[in-house]
Amino acid sequence: YVFLGIAIISDVFMGAIEVITSREKVLKTTSELGVVTEYTYKVWNASVANLTLMALGSSAPEILLAIIGTVQTLDQTPDEL
């Protein structure tokens, strides 16, 4: 069941990456003659977005533990290094 759970979570994660990286914007430019041209371009470079989200996903437990530890000790005096 653990492997099935990991497969489902991975599938959802990859679906989210596809949605994020497939976003496009339209740029409209007007020439000197008044002709309007539309260019469609992707907002994210797919390779950079995939690598960034994979790094964030693999570091998520460590980041979460650091945030929990920081929030728990907010009202205490800092320790010496």
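Reader: Where is Thr 73 found?

Author: Thr 73 sits in the segment after helix 2; helices (H or I, at least four residues) and strands (E, at least two) are DSSP runs numbered from the N terminus. This is a predicted model, in which local features need pLDDT of at least 70 and side-chain atom pairs count only at pLDDT 80 or more, while totals for chains, interfaces and linings use all residues. Residues are numbered from 1 along each chain as its sequence is written, and side-chain values use heavy atoms, with hydrogens and water left out.

Reader: At what angle do the axes of helix 1 and helix 2 cross?

Author: Two packed helices are described by the angle between their axes and the distance between the axes. Axes are lines fitted to C-alpha atoms, for helices over the stretch in contact, and angles run from 0 to 180 degrees between N-to-C directions. Helix 1 (residues 2–21) and helix 2 (residues 46–72) have axes that come within 10 Å and cross at roughly 140°.

Reader: Which residues make the contact?

Author: Contact means heavy atoms within 4.5 Å. Helix 1 contributes Phe 13, Ile 17, Ile 20 and Thr 21, and helix 2 contributes Ala 46, Ala 49, Asn 50, Leu 53 and Met 54.

Reader: Is Thr 21 buried or exposed?

Author: Buried means under 20% relative accessible area, exposed over 50%, and partly exposed in between (1.4 Å probe, protein chains only). Thr 21 has 11% relative accessibility, so it counts as buried. Leaving aside residues up to four places away in sequence, Thr 21 touches Lys 42, Trp 44, Ala 46, Ala 49 and Asn 50. A polar atom of the Thr 21 side chain also lies 3.4 Å from the backbone oxygen of Glu 18.

Reader: Which backbone oxygen lies 3.0 Å from a polar atom of the Thr 73 side chain?

Author: That is the backbone oxygen of Gly 69. Thr 73 is partly exposed, with a relative accessible area of 40%.

Reader: And what is the relative accessible area of Leu 65?

Author: Leu 65, in helix 2, has a relative accessible area of 62% and is therefore exposed. Its C-alpha atom is separated by 29 Å from that of Trp 44, 21 residues apart along the chain.

Note on methods
Polar contact = N/O pair within 3.5 Å; in protein donor to acceptor, adjacent residues only side chain to side chain.
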